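Trainee: Hi! Could you walk me through this one? I'm new to it.

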Amino acid sequence: MDFGIKGKRALVCASSKGLGRGCAEALAGEGVNLVINSRTADVLERTAQEIRDQYGVEVIAVAADITTEEGRAKVLEAAGQIDILVNNAGGPPPGVWTDWDRDDFIKALDANMLTPIALIKALVPAMMERGWGRVVNITSRAVRAPLAPLGLSNSARAGLTGYVAGTSRQIAKSGVTMNNLLPGMHDTDRVKSLDENAAKAQGISFDEARAKRIAGSVMGRDGTQDEFGAACAFLCSTQAAFITGQNLLADGGEVNLTM
Ligand code: NAP
(Lines give C-alpha, C1' and ligand atoms only; values in the text may rest on other atoms or scores of the structure.)
Protein backbone atom coordinates (compact mmCIF):
# COMPACT_ATOMS: atom_id res chain seq x y z
CA MET A 1 0.00 0.00 0.00
CA ASP A 2 1.27 3.49 -0.88
CA PHE A 3 0.79 5.73 2.16
CA GLY A 4 0.76 8.88 0.01
CA ILE A 5 3.39 10.75 2.02
CA LYS A 6 6.38 10.59 -0.36
CA GLY A 7 8.30 13.88 -0.33
CA LYS A 8 6.87 15.01 3.04
CA ARG A 9 9.30 16.03 5.76
CA ALA A 10 9.32 14.49 9.25
CA LEU A 11 11.02 15.38 12.51
CA VAL A 12 11.54 12.18 14.50
CA CYS A 13 12.90 12.96 17.97
CA ALA A 14 15.18 10.59 19.90
CA SER A 15 15.68 8.39 16.87
CA SER A 16 19.27 7.12 16.60
CA LYS A 17 18.12 3.80 18.08
CA GLY A 18 15.12 1.86 19.25
CA LEU A 19 11.50 2.83 18.64
CA GLY A 20 12.36 6.29 17.32
CA ARG A 21 14.67 4.74 14.74
CA GLY A 22 11.95 2.25 13.82
CA CYS A 23 9.60 5.17 13.11
CA ALA A 24 12.28 7.07 11.15
CA GLU A 25 13.03 4.03 8.97
CA ALA A 26 9.38 3.24 8.28
CA LEU A 27 8.79 6.85 7.19
CA ALA A 28 11.96 6.79 5.07
CA GLY A 29 10.62 3.62 3.45
CA GLU A 30 7.60 5.71 2.37
CA GLY A 31 9.90 8.30 0.79
CA VAL A 32 9.66 10.82 3.64
CA ASN A 33 12.68 13.11 4.16
CA LEU A 34 13.88 13.17 7.75
CA VAL A 35 15.26 15.28 10.53
CA ILE A 36 16.52 12.85 13.17
CA ASN A 37 17.84 13.60 16.62
CA SER A 38 19.58 12.16 19.66
CA ARG A 39 22.27 13.28 22.10
CA THR A 40 25.22 11.08 21.00
CA ALA A 41 26.54 12.63 17.78
CA ASP A 42 28.54 9.71 16.34
CA VAL A 43 25.76 7.12 16.81
CA LEU A 44 23.25 9.58 15.33
CA GLU A 45 25.41 10.32 12.28
CA ARG A 46 25.92 6.58 11.67
CA THR A 47 22.15 6.05 11.75
CA ALA A 48 21.61 9.01 9.41
CA GLN A 49 24.08 7.60 6.87
CA GLU A 50 22.57 4.10 7.06
CA ILE A 51 19.09 5.53 6.39
CA ARG A 52 20.35 7.69 3.48
CA ASP A 53 22.11 4.66 1.97
CA GLN A 54 19.17 2.29 2.39
CA TYR A 55 16.21 4.53 1.46
CA GLY A 56 17.72 7.35 -0.62
CA VAL A 57 15.90 10.08 1.33
CA GLU A 58 17.35 13.32 2.70
CA VAL A 59 18.36 12.97 6.36
CA ILE A 60 19.43 15.89 8.55
CA ALA A 61 20.92 14.77 11.88
CA VAL A 62 20.83 17.15 14.85
CA ALA A 63 22.68 16.08 17.99
CA ALA A 64 20.88 17.70 20.94
CA ASP A 65 19.02 16.93 24.14
CA ILE A 66 15.43 17.34 23.01
CA THR A 67 14.24 17.77 26.61
CA THR A 68 16.06 21.10 26.98
CA GLU A 69 15.01 24.45 25.59
CA GLU A 70 18.40 24.92 23.88
CA GLY A 71 18.24 21.42 22.39
CA ARG A 72 14.76 22.02 20.97
CA ALA A 73 15.83 25.41 19.56
CA LYS A 74 18.78 23.76 17.78
CA VAL A 75 16.57 21.01 16.33
CA LEU A 76 13.83 23.42 15.22
CA GLU A 77 16.35 25.76 13.57
CA ALA A 78 17.76 22.92 11.49
CA ALA A 79 14.37 21.36 10.79
CA GLY A 80 12.68 24.00 8.64
CA GLN A 81 9.22 23.07 7.34
CA ILE A 82 7.92 19.90 9.02
CA ASP A 83 4.81 17.96 7.94
CA ILE A 84 5.13 15.05 10.37
CA LEU A 85 6.24 15.28 14.00
CA VAL A 86 7.10 12.13 15.96
CA ASN A 87 7.65 13.01 19.62
CA ASN A 88 9.95 10.76 21.63
CA ALA A 89 12.56 10.93 24.42
CA GLY A 90 14.04 8.57 26.98
CA GLY A 91 11.70 7.48 29.77
CA PRO A 92 12.11 8.44 33.46
CA PRO A 93 13.83 5.95 35.80
CA PRO A 94 11.84 3.38 37.81
CA GLY A 95 11.49 3.61 41.59
CA VAL A 96 9.12 3.64 44.55
CA TRP A 97 6.50 6.31 45.18
CA THR A 98 8.23 7.45 48.39
CA ASP A 99 11.47 8.13 46.41
CA TRP A 100 10.08 10.81 44.13
CA ASP A 101 10.19 14.47 45.08
CA ARG A 102 9.24 17.64 43.25
CA ASP A 103 12.48 17.78 41.21
CA ASP A 104 12.00 14.21 39.93
CA PHE A 105 8.47 15.06 38.80
CA ILE A 106 9.60 18.30 37.15
CA LYS A 107 12.28 16.37 35.22
CA ALA A 108 9.78 13.72 34.09
CA LEU A 109 7.17 16.32 33.13
CA ASP A 110 9.79 18.30 31.20
CA ALA A 111 10.95 15.27 29.22
CA ASN A 112 7.75 13.34 28.58
CA MET A 113 4.98 15.96 28.69
CA LEU A 114 6.25 19.53 28.24
CA THR A 115 8.81 18.71 25.51
CA PRO A 116 6.23 17.15 23.15
CA ILE A 117 3.83 20.00 23.93
CA ALA A 118 6.51 22.60 23.12
CA LEU A 119 7.27 20.91 19.78
CA ILE A 120 3.57 20.62 18.96
CA LYS A 121 3.15 24.35 19.66
CA ALA A 122 6.20 25.18 17.53
CA LEU A 123 5.28 23.08 14.49
CA VAL A 124 1.52 22.50 14.34
CA PRO A 125 0.43 26.08 13.48
CA ALA A 126 2.32 25.95 10.16
CA MET A 127 0.91 22.47 9.44
CA MET A 128 -2.57 23.91 10.02
CA GLU A 129 -1.89 26.79 7.64
CA ARG A 130 -0.85 24.29 4.96
CA GLY A 131 -3.92 22.15 5.70
CA TRP A 132 -2.06 18.90 6.34
CA GLY A 133 -0.01 17.46 9.19
CA ARG A 134 0.57 14.48 11.43
CA VAL A 135 1.69 14.26 15.05
CA VAL A 136 2.47 10.92 16.68
CA ASN A 137 3.59 10.84 20.30
CA ILE A 138 5.44 7.77 21.55
CA THR A 139 4.07 7.24 25.06
CA SER A 140 3.69 3.85 26.79
CA ARG A 141 1.24 1.03 27.46
CA ALA A 142 1.52 2.22 31.08
CA VAL A 143 -0.93 4.99 30.10
CA ARG A 144 -3.66 2.33 29.82
CA ALA A 145 -2.50 0.04 32.64
CA PRO A 146 0.00 1.61 35.06
CA LEU A 147 3.27 -0.12 35.89
CA ALA A 148 3.81 0.77 39.57
CA PRO A 149 7.61 1.27 39.51
CA LEU A 150 7.18 3.67 36.56
CA GLY A 151 5.16 6.21 38.54
CA LEU A 152 7.07 9.17 37.09
CA SER A 153 6.39 7.92 33.57
CA ASN A 154 2.74 7.08 34.37
CA SER A 155 2.20 10.62 35.66
CA ALA A 156 3.94 12.57 32.90
CA ARG A 157 2.53 10.50 30.05
CA ALA A 158 -1.00 10.69 31.48
CA GLY A 159 -0.60 14.48 31.42
CA LEU A 160 0.44 14.44 27.76
CA THR A 161 -2.44 12.08 26.95
CA GLY A 162 -4.93 14.53 28.44
CA TYR A 163 -3.42 17.40 26.45
CA VAL A 164 -3.54 15.44 23.19
CA ALA A 165 -7.15 14.35 23.81
CA GLY A 166 -8.33 17.97 23.88
CA THR A 167 -5.89 19.54 21.42
CA SER A 168 -6.38 16.93 18.68
CA ARG A 169 -10.09 17.83 18.63
CA GLN A 170 -9.45 21.58 18.69
CA ILE A 171 -7.32 21.33 15.54
CA ALA A 172 -9.22 18.50 13.82
CA LYS A 173 -10.83 20.66 11.10
CA SER A 174 -7.41 21.79 9.87
CA GLY A 175 -6.27 18.50 8.31
CA VAL A 176 -3.77 17.87 11.11
CA THR A 177 -4.20 14.64 13.11
CA MET A 178 -2.62 13.92 16.47
CA ASN A 179 -2.40 10.46 18.04
CA ASN A 180 -0.43 8.57 20.66
CA LEU A 181 1.30 5.26 20.00
CA LEU A 182 1.66 3.15 23.16
CA PRO A 183 4.51 0.64 23.11
CA GLY A 184 4.53 -2.52 25.15
CA MET A 185 7.74 -4.56 25.40
CA HIS A 186 9.93 -4.11 22.33
CA ASP A 187 13.40 -5.49 21.75
CA THR A 188 15.42 -2.29 22.19
CA ASP A 189 18.46 -1.28 24.27
CA ARG A 190 16.12 0.01 26.95
CA VAL A 191 14.46 -3.38 27.40
CA LYS A 192 17.89 -5.06 27.29
CA SER A 193 18.94 -2.96 30.28
CA LEU A 194 15.68 -3.84 32.11
CA ASP A 195 16.46 -7.55 31.55
CA GLU A 196 20.04 -7.03 32.75
CA ASN A 197 18.74 -5.44 35.97
CA ALA A 198 16.23 -8.27 36.48
CA ALA A 199 19.00 -10.84 35.95
CA LYS A 200 21.20 -9.12 38.55
CA ALA A 201 18.33 -8.81 41.06
CA GLN A 202 17.36 -12.48 40.69
CA GLY A 203 20.93 -13.84 40.49
CA ILE A 204 20.30 -15.46 37.08
CA SER A 205 21.79 -14.97 33.62
CA PHE A 206 20.56 -12.35 31.14
CA ASP A 207 19.21 -15.09 28.84
CA GLU A 208 17.33 -16.74 31.72
CA ALA A 209 15.82 -13.42 32.84
CA ARG A 210 14.73 -12.61 29.28
CA ALA A 211 13.32 -16.10 28.65
CA LYS A 212 11.40 -15.98 31.93
CA ARG A 213 9.86 -12.59 31.14
CA ILE A 214 8.98 -13.53 27.58
CA ALA A 215 7.47 -16.89 28.62
CA GLY A 216 4.93 -14.95 30.69
CA SER A 217 3.96 -12.63 27.83
CA VAL A 218 0.79 -12.98 25.74
CA MET A 219 2.53 -13.38 22.35
CA GLY A 220 5.57 -15.18 23.70
CA ARG A 221 7.89 -12.58 22.16
CA ASP A 222 8.83 -8.92 22.24
CA GLY A 223 7.79 -6.52 19.49
CA THR A 224 10.36 -5.26 17.00
CA GLN A 225 11.20 -1.65 16.27
CA ASP A 226 10.22 -2.26 12.63
CA GLU A 227 6.71 -3.36 13.66
CA PHE A 228 6.39 -0.31 15.85
CA GLY A 229 7.64 1.95 13.05
CA ALA A 230 5.09 0.48 10.63
CA ALA A 231 2.24 1.40 12.99
CA CYS A 232 3.66 4.93 13.24
CA ALA A 233 3.93 5.26 9.44
CA PHE A 234 0.30 4.15 9.10
CA LEU A 235 -0.84 6.87 11.55
CA CYS A 236 1.10 9.35 9.39
CA SER A 237 -0.45 8.10 6.14
CA THR A 238 -3.05 9.82 3.99
CA GLN A 239 -5.29 6.77 4.66
CA ALA A 240 -5.30 7.55 8.42
CA ALA A 241 -6.75 11.05 7.90
CA PHE A 242 -9.93 10.24 9.89
CA ILE A 243 -8.05 8.86 12.91
CA THR A 244 -7.27 11.49 15.53
CA GLY A 245 -7.11 11.82 19.33
CA GLN A 246 -6.52 8.07 19.68
CA ASN A 247 -4.24 5.95 21.85
CA LEU A 248 -3.06 2.96 19.83
CA LEU A 249 -1.59 0.11 21.88
CA ALA A 250 1.30 -1.68 20.15
CA ASP A 251 1.86 -4.22 22.90
CA GLY A 252 1.12 -7.68 21.52
CA GLY A 253 -2.13 -7.82 23.50
CA GLU A 254 -0.34 -7.46 26.84
CA VAL A 255 -2.77 -4.93 28.34
CA ASN A 256 -5.77 -7.09 29.14
CA LEU A 257 -8.71 -4.92 28.11
CA THR A 258 -11.91 -5.54 26.17
CA MET A 259 -11.80 -2.04 24.63
P1 NAP B 1 16.22 3.24 23.49
O2 NAP B 1 16.35 1.99 22.71
O3 NAP B 1 17.01 3.41 24.73
O4 NAP B 1 16.47 4.46 22.50
C5 NAP B 1 16.32 5.76 22.95
C6 NAP B 1 16.69 6.73 21.84
O7 NAP B 1 16.36 8.04 22.27
C8 NAP B 1 18.16 6.74 21.53
O9 NAP B 1 18.35 7.09 20.18
C10 NAP B 1 18.68 7.85 22.44
O11 NAP B 1 19.93 8.35 21.99
C12 NAP B 1 17.53 8.86 22.31
N13 NAP B 1 17.34 9.78 23.44
C14 NAP B 1 17.13 9.45 24.73
N15 NAP B 1 16.99 10.56 25.47
C16 NAP B 1 17.10 11.62 24.62
C17 NAP B 1 17.04 13.02 24.77
N18 NAP B 1 16.87 13.57 25.98
N19 NAP B 1 17.19 13.82 23.69
C20 NAP B 1 17.37 13.27 22.47
N21 NAP B 1 17.46 11.94 22.25
C22 NAP B 1 17.31 11.12 23.31
O23 NAP B 1 14.69 3.47 23.98
P24 NAP B 1 13.33 2.88 23.34
O25 NAP B 1 13.14 1.51 23.88
O26 NAP B 1 13.32 3.10 21.89
O27 NAP B 1 12.24 3.80 24.07
C28 NAP B 1 11.76 5.00 23.51
C29 NAP B 1 10.64 5.55 24.40
O30 NAP B 1 9.58 4.59 24.47
C31 NAP B 1 11.07 5.81 25.85
O32 NAP B 1 10.42 6.95 26.35
C33 NAP B 1 10.59 4.58 26.58
O34 NAP B 1 10.35 4.84 27.94
C35 NAP B 1 9.29 4.29 25.83
N36 NAP B 1 8.88 2.90 25.94
C37 NAP B 1 9.63 1.90 25.42
C38 NAP B 1 9.21 0.58 25.53
C39 NAP B 1 10.02 -0.56 24.95
O40 NAP B 1 9.62 -1.72 25.09
N41 NAP B 1 11.13 -0.34 24.28
C42 NAP B 1 8.02 0.28 26.19
C43 NAP B 1 7.26 1.32 26.72
C44 NAP B 1 7.70 2.64 26.58
P45 NAP B 1 20.95 9.14 23.01
O46 NAP B 1 21.00 8.33 24.27
O47 NAP B 1 22.23 9.18 22.25
O48 NAP B 1 20.34 10.49 23.21
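Trainee: Which residues of α1 meet which residues of α2?
Mentor: On the α1 side they are R21, A24, E25, A28 and G29, and they meet T47, E50, I51, Q54 and Y55 of α2. Contact here means heavy atoms within 4.5 Å. One caution: this is a predicted model, where local features need pLDDT of at least 70, side-chain atom pairs count only at pLDDT 80 or more, and totals for chains, interfaces and linings use all residues. Residues are numbered from 1 along each chain as its sequence is written, and side-chain values use heavy atoms, with hydrogens and water left out.

Trainee: At roughly what angle do the axes of α1 and α2 cross?
Mentor: Helix α1 (residues 18-29) and helix α2 (residues 41-55) cross at roughly 25°, and their axes come within 10 Å. That makes α1 roughly parallel to α2; angles under 35 degrees count as roughly parallel, over 145 as roughly antiparallel, 65 to 115 as roughly perpendicular and the rest as oblique. The crossing is right-handed.

Trainee: And how do α6 and α7 pack?
Mentor: Helix α6 (residues 189-202) and helix α7 (residues 206-215) have axes 8 Å apart, at an angle of about 105°. So α6 is roughly perpendicular to α7. Among the residues making the contact are V191, D195 and A199 of α6 and F206 and R210 of α7. The contact divides into 5 nonpolar, 1 polar and 6 charged residues.

Trainee: New topic: how many aromatic pairs are there?
Mentor: The count comes to 2. Rings of Phe, Tyr and Trp (its six-membered ring) pair if their centres lie within 6.5 Å; planes under 30 degrees apart count as stacked, over 60 as edge-to-face and the rest as tilted. F3 and F234 have ring centres 6.1 Å apart and planes at 65°, so that pair is edge-to-face. The pair links distant parts of the chain, with F3 in the segment before β1 (9-12) and F234 in helix α8 (residues 225-235), 231 residues apart.

Trainee: What about W100 and F105?
Mentor: Their ring centres are 6.4 Å apart and their planes are at 85°, so they are edge-to-face. W100 is buried at 15% relative accessibility, while F105 is partly exposed at 29%. Buried means under 20% relative accessible area, exposed over 50%, and partly exposed in between (1.4 Å probe, protein chains only).

Trainee: Is L119 buried or exposed?
Mentor: L119 is buried, with a relative accessible area of 0%. You'll find L119 in helix α4 (residues 102-130). Leaving aside neighbours within four places in sequence, L119 is in contact with C13, I66, R72, L76, L85, N87 and V124.

Trainee: And T161, where does that lie?
Mentor: T161 lies in helix α5 (residues 151-170) and is buried, at 13% relative accessible area. Beyond its neighbours within four places in sequence, T161 is in contact with V143, N180 and N247.

Trainee: Last one: what is phi of A14 near?
Mentor: Phi of A14 is near 50°, a positive value in a residue other than glycine. Most residues other than glycine have a negative phi. A14 sits in the loop between β1 and α1.

Definitions and conventions:
Axes fitted to C-alpha atoms, helices over the stretch in contact; angles between N-to-C directions. Helix = DSSP H or I, 4+ residues; strand = E, 2+ residues; numbered from the N terminus. Left-handed = near helix turned anticlockwise from the far one by under 90°. Nonpolar A, V, L, I, M, F, W, Y, C, P; charged D, E, K, R; others polar.
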